[in-house]
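Student: Can we go through this one together? I'd like to hear how the labels get decided.

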Amino acid sequence: MTYRSLSELRPLRLDTVAAIGGFLLAAVLLPLRLLSSQIYLETVPVVLGTACALYLLSLYQGDDAGAFPTLPSAVSMALPSVVLAGLAGLVALTVVQGARTPLFFGLASVVGTLVIGQIIFASDHDLHPGLLLLQIVCFAFVFRFTALYATPGYIGIDIWTHHSFVESILSDGSLSAISHDKHYGSPFYHLLVAASSLLYDVPIRTALYLSVGLVMPLSVLLIYATTNLLVSTRWAVLATAFYAFGSHVARWGVHLIPTSLGLVFFLAMLYALIRVMRIEYTIRDFSLLLLLSVAVILTHQVSTFIMLVLLLAAFVAQVLFVIGPFGLTRLDTSVFRTKKPVNLVGLVVFNAGLTIFVWSLTPYGEGSFLETVLLYLGETIEESAGFLNTAGGSAEAADAGAEATPTLVEQIVPYVDTLGFLFLLGVTFVGCLYVVHRRRAEQSVFTLLLAAAFMLVFVLGLPMFGIRNFIPTRWFAFLYAPMAVLGAIGVRTLRGSLTPALVVSVLLLVVLVYPGAMILAVESNADNPVFSDHHERLAYDESELAAVESIAALTGSPDGDEIRPDQQLHTDHPYQTLFSRTGAYPSTTTATVPEGGVADHGYTVYRSEQSTDATYVTDDDGNARIEQLSRTQLCRPEQGTVYTNGDVTMCTPSPAGN
């Protein structure tokens, strides 16, 4: 094998320098794992170093890369039928077992592997984009709607509050029913669900599934449309699969709240933004972009801020190509079409101004949303911000490790939850290195690169300094959009530049691991966690929902100010949120249970879930921990039982004791 020389590679070329710099940065970051046990500090430097090494290797092997091995035509023709049969099996499993069980998630992982395998390894002759997109969309529908079908109520915590808001709007016939809440300034989600309930004449839950629920799986096609503006069809389909299988994307497909609808509008806006950068746009195209940005602002505050970050990235990309080092021309038109940078100053100013105006009028706490958010941010920076001030703190984690050595499963679970993201991050790094080459750089791909970089700062960077005010867990599904596009470009780069033996090894890892890792991550199975001893279940069965209704009827659902402090109800988290958010018993909080001891509360609720799976209680210092409780730890013998249905029990102070 003949490798290129350094002089032929021109090592001072921007992509080469970036790859070398990334590799050195990864080496510098590696020692940080000794200072903190934070999962991303341990893994991201390894992923970054590996991605940079593979890209540098692809530069040397580019001329010697042989023909990429593909699947036989007979296999490519048979796999779509196998995938559709697997999806039917997923539906049958859910109906028979009554829930999405580990067997369901195992089969779903196999189906996902077969889909991505077809995209990457099918020959050009056997590649049928329409059929592949059908498989991806069907998978998205089946994976999400089986969860919704098997769950009696809702999945998640916030959704119960939004149900109450929609119910209030329908009852009062006016948006003023939620004028006390921040969603009054961004009401589109609640108005959509309320209108769907009236239009279809169905309950709120059904209306939600027929509106936002149906749109979520279809929204993955926007990733295809966006990527297809940049690269060929195969890689647009791969980006769609990357995104559709994403754990956090699946999360907002089953936990249907304003974040979900905000994500849909964000994807549509991303497509419209890249479109105006790739075509000779008209006023109609720019008007669509403007309309979608307004829709985001009127749907969700966090989505709005993320959209502003995207627009900032697009504006910075514009500056780079107008007055920066890249100039206005490129030579490699086989990858991206040449186009003059789009002026986005007006769009950025308009959206920033409208956001500030709306947030200034939005009620939140004791003041406006804008005022309260800035106040909280200032307090955080002043009081708790600091380098490596991660959740729990490294010192506390070390003390906990000294007290009890974690089991093998406890050590593995955090890596399983992040493995899919790390694989996507790795191929994204490769895609970023590819597009920074001067001959391939342009405003559209630099917008994606900068958007991903800025979002990673909010998701991974600021939490390292103790700043979590921006709710980083809400950002991942939005971050996955530019990552999926750049990740597909990264896979395309490796597939065309590395030698067959090496590239097959790398891509087989992606095919075999990525779908399963995303599916087994906790965000994908919140309704019935695969690792039920380590993650709480954010859904409830019939008996648990019936208990809440019965306790509400039993107590009369008193207002919070009618309940004395000693009458506050205590149970596990997340079950306590169901009482407070539905108004069944507004003054409800997490029980305090000393390790190995019993709760010292007058009013408590025990459910059998507390003895079998992961639920949260607090210790005497207010620190939350997963604990499996016996009934007597929460409902003591000296308490009286005022309600039980065999699965849930409410205990109060015994009259005899008084």
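Tutor: Let's start with a word: buried means under 20% relative accessible area, exposed over 50%, and partly exposed in between, using a 1.4 Å probe and protein chains only. Helices are DSSP runs of H or I with at least four residues, strands are runs of E with at least two, and both are numbered from the N terminus. This is a predicted model, where local features need pLDDT of at least 70 and side-chain atom pairs count only at 80 or more, while totals for chains, interfaces and linings use all residues. Residues are numbered from 1 along each chain as its sequence is written, and side-chain values use heavy atoms, leaving out hydrogens and water.

Student: What makes helix H12 largely enclosed by the rest of the structure?

Tutor: Seven of its eight residues (247–254) are buried, so the rest of the structure largely encloses H12. Those seven are Ser247, His248, Val249, Ala250, Trp252, Gly253 and Val254. The cover includes helix H6 (129–150), helix H13 (258–278) and H22.

Student: How do you know that Glu536 has no salt bridge?

Tutor: A salt bridge needs a side-chain nitrogen of Lys or Arg within 4 Å of a carboxyl oxygen of Asp or Glu. For buried Glu536, the nearest side chain of opposite charge, Arg251, is 8.4 Å away, and there is no salt bridge. Lys and Arg count as positive, Asp and Glu as negative, with His and the chain ends not counted.

Student: Where does Glu536 lie?

Tutor: Glu536 is in the loop between helix H22 (500–520) and helix H23 (542–555).

Key:
Contact = heavy atoms within 4.5 Å.
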